[in-house]
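Here are my notes on the salt bridges. Please read them with the structure open.

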Amino acid sequence: MRKSGIICLAMALFAPCRLVSQDSTDWNTVLEHLLGNITEDNDIQQAILYFEELHDNPLNINRVSRQQLEPLTFLSEKDIEEICAYIYLHGPMLSPGELQMVYGLDYEKRRLLRQFIYIGPGPEEHEKIRLKDVFRYGRVEAVQDAGIPLYTREGYREHTADVLKRYPNREYLGTRVGHSLHLSLDWNSRIKFGLTAQKDAGEPFFEKHPAGYDFYSPYLFLNDIGRLKAAAFGRYKVSAGCGLLVGNGFGMASGADAAARKGFSIRPHSSCGETGCLTGAAVQWEHGRTGFALFASSQLTDAVLADDGSISSFKTDGYHRTQLEFSRKHNCRQNTAGAAVQYEHQGITIGSAILLEKFSRRLSDGTGFMAGLSADFAIHRPGFAVWGETAADLGKRSIATLDNILIRLDGHHELTLSARYYSPRYESLHSGAMAQSDVSNEYGLLASVRRESGRFKAGCTVDCFGHPEPCYQASAASHGMQFKSNTSIGHVLNGTLSGSFNYKAVQKDCRETGRLEYRQTWRFKLGHETGMSDSWNARSSLLLNCSTFPGTTRSWGRALAGYLKYNGHTGSGWALDIYVSGCLFSTDSYDSAVSIYENGPRYGFGFMTLSGKGCRLSAMIKAALPNGFQLVAKTGSTIYSDRESMGSGAAKLDQSHKEDVTVQAIWKFRAADFLK
């Protein structure tokens, strides 16, 4: 059975294909493209959340600012300038097709940009808002999904009273089915109500929660209403400057894209992530060339407590499955307040932000209060751009600074240089700037070159960094270096050929030599995407990883992955999408583990890390009905050939394979259409 499945997968991956150009608007396809050049596991998980929230809250292209476009990492500085210049010279766009008139904006970028914008009123137009129109013509969306594992971990088995008395965390408090609910009402992307509720697998449902779900995230978001740029009530995220002081939920932690200036922005928190957001109210408005923002939050958070009751660390995984995890739930209140101001004139921007936080318990340093202040700037000129931010932790009297310069070498090349220094004592719980680990105890110099010209696109980044004081797995000051490159070439073998390479060397403690030694990791990925017709699309990828460290055996990781996708649409509104994917993998250890992304239901993480020897198979069917209903079903199986069990403790599984099923129902409608 396993051998036949592997043979069929290999035949599908290497079957010859013929390319027919395809303008796919499938969000999963766009998301996979955006994640294609990200190599760090943590970056991928953060980027998925970040891009999904940007997708759920599109920008009015006719009133968009440079700062709002900068987080879209697939746009270069020149692209942003050309978009803003086109709207300034020619007036508001009348349709997304007008993006073709923007100089230098190629087909691929236009396809991606359409996922994050909408055509709204221009700067001088003010559409009157009537509450009855909001509820009558607003787009309502309800998403209910459930993840059903077809296996039983140790935590779901029944244990005797004696065992539970001795090991109280061996049994999960809830069922193995995880499910979530997303409700939203969106009127022209200017007024949006929403509610997200989630229960992770293993968490109780109603047993210990009178309200049922373990996590709720309600929000009301107002966007682009006169001088009011944005206002959020409930759960939201904020960012300012380069993210040194405030950068909730920014997508990537390393690389040139992470150094981009974010400006001040407010977004509703519409995902199931239980951390990295604020709860309260935030408002942003403009007066002339000056923008102002205020935000306040009061929320309960999870913390690991020391014996004296102080906070030793914050718990950020959001799991409350066992007695120990549940005891740490909401055991500390976190009160946050802040403000920001920004002035912009003729391509020069200066800004400042302040952040204050008070905790109901003492922190490890003996205080329960944190305060920070930051200043940022940006200068944009036709041939170059300079931007940066400096932030101060007022309590610990320490600073963090990040400065960048971008130079346009010619019409197709851009050079970015970034320098950073984060004091070992600097700390901000809401930072989200470029860093190899945290925005603390780090310094570095990064250089990046990007070339974009027609069918050939390439980028190369070198980051030399160090940690002046001991950090994780390094008992003394340490250094490291990372080199990343990515290339894509169109019209190769009737498709697009892409490749990426990532080399990273970081000093770690070595028992063999008794001193710091470099752990070196190489990650190589080669992929080819093609289509067999207007409805069929296929992709194959080859992954090769290698990890070395003195005193240990060289670890190799190999994988062959691919998918086959069918998109069938009819004029009557019916649609059927079928997606089949697979991956053969073989790694010597977790150090050389491979990372893959497979399409999944909406709000479902398709990213996973695989180690060991085995294969991963998945299939998904999505059916769209004319009345706004969508039904999605996905099944997946991971089969290991080098083990008889996996995991440990409550997560232990006494078998060498695991299967899961995810079902999702989506209903989109407008109240006016529903009443008809």
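1. Start with Glu-517. Glu-517 counts as buried, at 15% relative accessibility, because the cut-off for buried is under 20%. Keep in mind that this is a predicted model.

2. The partner is Arg-515. The two residues form a salt bridge, with their closest N and O atoms 3.1 Å apart. Arg-515 counts as exposed, at 52% relative accessibility. The cut-off for exposed is over 50%.

3. Next, look at Arg-616 and Glu-598. Their salt bridge has its closest N and O atoms 2.8 Å apart. Arg-616 sits in strand S29 (residues 613–624). Glu-598 sits in the loop between strand S27 (594–597) and strand S28 (607–610). The pair therefore ties together parts that are 18 residues apart in sequence. Both Arg-616 and Glu-598 are buried.

4. Now turn to Arg-420 and Glu-442. Their side chains meet in a salt bridge at 3.0 Å, N to O. The pair links distant parts of the chain, 22 residues apart. Arg-420 belongs to strand S18 (residues 413–422), and Glu-442 to strand S19 (residues 442–453).

5. Are Arg-420 and Glu-442 buried or exposed? Arg-420 is buried, with a relative accessible area of 4%. Glu-442 is buried too, with a relative accessible area of 0%.

6. On the overall count, the model has 25 salt bridges. Among them are Arg-420 with Glu-442, Arg-515 with Glu-517 and Arg-616 with Glu-598.

Methods:
Residues are numbered from 1 along each chain as its sequence is written. This is a predicted model: local features need pLDDT of at least 70, side-chain atom pairs count only at pLDDT 80 or more; totals for chains, interfaces and linings use all residues. Side-chain values use heavy atoms; hydrogens and water are left out. A salt bridge is a side-chain nitrogen of Lys or Arg within 4 Å of a carboxyl oxygen of Asp or Glu. Helices (H or I, at least four residues) and strands (E, at least two) are DSSP runs, numbered from the N terminus. Buried means under 20% relative accessible area, exposed over 50%, partly exposed in between (1.4 Å probe, protein chains only).
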